[in-house]
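Trainee: I have a model open on my screen and would like to learn how to read it. Could you walk me through some features, giving the general idea and then the case at hand?

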Amino acid sequence: MTQAVRAAEQLTDGNWHRLHPATPLLKGGIALLAIAGALIANLREALIESFFGGPREQDPVSLLYRNGLLGWALLIALVFVLLFVLGFYVSWRMHEFRVTEDVVEVRSGILFRTHRKGRLDRVQGINIMRPLVPRLFGAAKLEVNVAGQNANVQLSYLRSRDADALRRRILGLASGKRSEAIVEGADAAAVAAAAAAAGEGVPPADPAHPLRPGDIGPVTARVLEERAREFLAPELDPDAAPPESVVTIPLGRLAGSIALSGFTIALALVLFVGVPVVVTTGAYWALLPVLPGLVGSIGFFVNRIVKSLRFSIAGTPDGIRVGYGLLSTSNDTLPPGRIHAVEVLQPLLWRRAGWWTIRITRASNSSTPGAAGQANTTLLPVGTKEDVTRVLGLVLPEFVGETSNVLLLTGILGRGEDGDGFVNAPRRGRVLRPFSWRRTGFAMDSNALLLRSGAVWRHLVIVPHARLQSIALRQGPLERRLGVNRIQAHTVVGPVDTELGIVDRETSLRLFEDLAASAATSGRIDRSHRWGAMEQEDEGPHEQRDEHTMRRPSEHADEQVEEHEDERAGEHEDAR
């Protein structure tokens, strides 16, 4: 068993543990160091001027020195620094977390105590963020995304080498997998990571033969070597996912998607149209409100490109893993069954290049922005048709097959012809959608509902039947006159719009009944929220299965229905 796996097992023993020792410095001490640096810089200038002579500026340090109060000021500053350090130490001592078989908890605060708790069966994903400064200290932030509004639990900060193993451990507990199977899987992953590091030419950290100061020099050299190993390691371990499941974004496509965005077009209009008009007319005052935006646009472009470097999406045993970042990195793991709706979107400017973006709706969101500075619900910032197909295969593995692929292609590329697999809007609905009525339609198979719309901005929405919470039919006065309805598949609140307009009235009524029946059937048989226990039941020998799996089919099905209904009721309450 590797050191990281042992540490993760200890951190999930149900006892309270403290965070990384550098947590107070990373969360508030950096600002204190900056203030101290400014004071030292002013003091240095005063000493140099007093030694070499010359005029002195009337800064606070010079005034204190001239009045003989500099010593008292330094003493008071030292007292304040000691109080700050003491406060940081006490804050670190009072900031603890624990992970049990059922929940992950964090409590903190000195005068005002805060206690946050998240149930493991409500975990929607786990994000590990490694900002640049914490990476220098070997620290990482782990955020457990829990279903509900502002229900996430943050562990800021953990030792970077323990964060990945702890995430696998928490996801294993959330999946219903047995403890010994979690340890075996995590240990195998750690061994594979060490082998990958050795293949890259970086010496792995072997806990059985730890590095000794006498072998590589002082302890500082060993720390620097560990930091260098972390910075040189690939963002995605090559052995963590099969190569055919990995989707990346080339730098040229990333830059092209930013150049063809609405912000870039607006900026180009200001530079090449607005500025010449201002120079010609002499109305330079009009540049005052525009100059801050022009200066800030430089940081906007740099930030979007740097944050999206080394972007990758891959399928792992614990779910979909999305990673990105160069100096500051972030990787998010979405367990199976946590995505409630998927939207494939193509802006008008991307149509010639054949690029698409994918957004998702889930019961919770990370507090950290996603790749390219976009919302964390953007799963794929920009990708080709092939990338979209591969990502959808990872996100919705049940929506894979010859029929599903045909529906997918006609959903993103079809123009609404008869016989394309979609039930298209009636011709009388063109009054409500004069440009997009031909592409407005739906299709349904045994696993998901597909909603197609948009002629200028193309949309395709996929809603798994098992994630449906309710269905609604709406009809306004004009729609009643035209004999059409609007239908909406309700899921948790998110960015994906699951409403489809101008559906024939009789067709919408049949769709309403079919969706209700399919949602009930899929809800009874869906066990993706306990993916670990399901895998063990499928792989284990029949005679070694526990009492739960040996019950009669009727009893087993009833328990599945109750468990699923409880989960969906909780999701609906959190989303509401």
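Trainee: Let me start with Ile502: is Ile502 buried or exposed?

Mentor: Buried is the word for a residue under 20% relative accessible area. Ile502 has a relative accessibility of 2%, so Ile502 counts as buried. Keep in mind that this is a predicted model. Ile502 is part of strand E21, which covers residues 499-504.

Trainee: Where does Arg310 lie, and how accessible is Arg310?

Mentor: Arg310 belongs to the loop between H12 and strand E9 (312-316). Its relative accessibility is 32%, so Arg310 counts as partly exposed.

Trainee: Now to aromatic residues. How should I describe a pair of rings?

Mentor: A pair of aromatic rings is described by the distance of the centres and the angle of the planes. Centres have to lie within 6.5 Å for a pair, and planes over 60 degrees apart count as edge-to-face. By this rule there are five aromatic pairs. Take Phe300 and Phe301: their ring centres are 5.3 Å apart and the planes stand at 70°, so this pair is edge-to-face. Phe300 is partly exposed at a relative accessible area of 27%, and Phe301 is also partly exposed, at 21%.

Trainee: What about the rings of Trp350 and Trp355?

Mentor: The centres of Trp350 and Trp355 lie 6.3 Å apart and their planes meet at 80°, so that pair is edge-to-face as well. Trp350 is buried, with a relative accessible area of 8%, and Trp355 is buried at 14%.

Trainee: Which residues form one aromatic cluster?

Mentor: Phe263, Phe300 and Phe301 do. The charged end of Arg107 sits over the ring of Trp16, 3.8 Å from the ring centre. Likewise, Arg452 has its charged end over the ring of Phe422, at 4.3 Å from the centre.

Trainee: Let me turn to helix packing. At what angle do H11 and H12 pack?

Mentor: For two helices, look at the distance and angle of the axes, then the handedness, then the residues that meet. H11 and H12 pack at about 145°, with axes 12 Å apart, and their crossing is left-handed. From H11, Phe263, Thr264, Leu267, Val270 and Leu271 meet Leu294, Ser297, Phe300 and Phe301 of H12. Those contact residues divide into seven nonpolar, two polar and no charged.

Trainee: How do H10 and H12 cross?

Mentor: The axes of H10 (residues 251-259) and H12 (residues 291-308) come within 11 Å and cross at roughly 150°. This crossing is right-handed. On the H10 side the contact is made by Leu251, Leu254 and Ile258, and on the H12 side by Phe301, Arg304, Ile305 and Ser308. Here the division is five nonpolar, one polar and one charged.

Trainee: Which residues are buried in H10, and what covers them?

Mentor: Arg253, Leu254, Gly256, Ser257 and Ile258 of H10 are buried. Their cover includes strand E8 (247-248), helix H11 (262-281), H12, strand E14 (378-383) and helix H13 (385-395).

Technical notes:
Residues numbered from 1 in each chain as written. Predicted model: local features only at pLDDT ≥ 70, side-chain atom pairs only at ≥ 80, totals over all residues. Heavy atoms only, no water. Axes fitted to C-alpha atoms, helices over the stretch in contact; angles between N-to-C directions. Helix = DSSP H or I, 4+ residues; strand = E, 2+ residues; numbered from the N terminus. Left-handed = near helix turned anticlockwise from the far one by under 90°. Contact = heavy atoms within 4.5 Å. Nonpolar A, V, L, I, M, F, W, Y, C, P; charged D, E, K, R; others polar. Phe/Tyr/Trp six-rings, centres within 6.5 Å; stacked < 30°, edge-to-face > 60°. Buried < 20%, exposed > 50% of the residue type's maximum accessible area, 1.4 Å probe, protein only. Lys NZ or Arg CZ within 6 Å of the ring centre and 35° of its normal.
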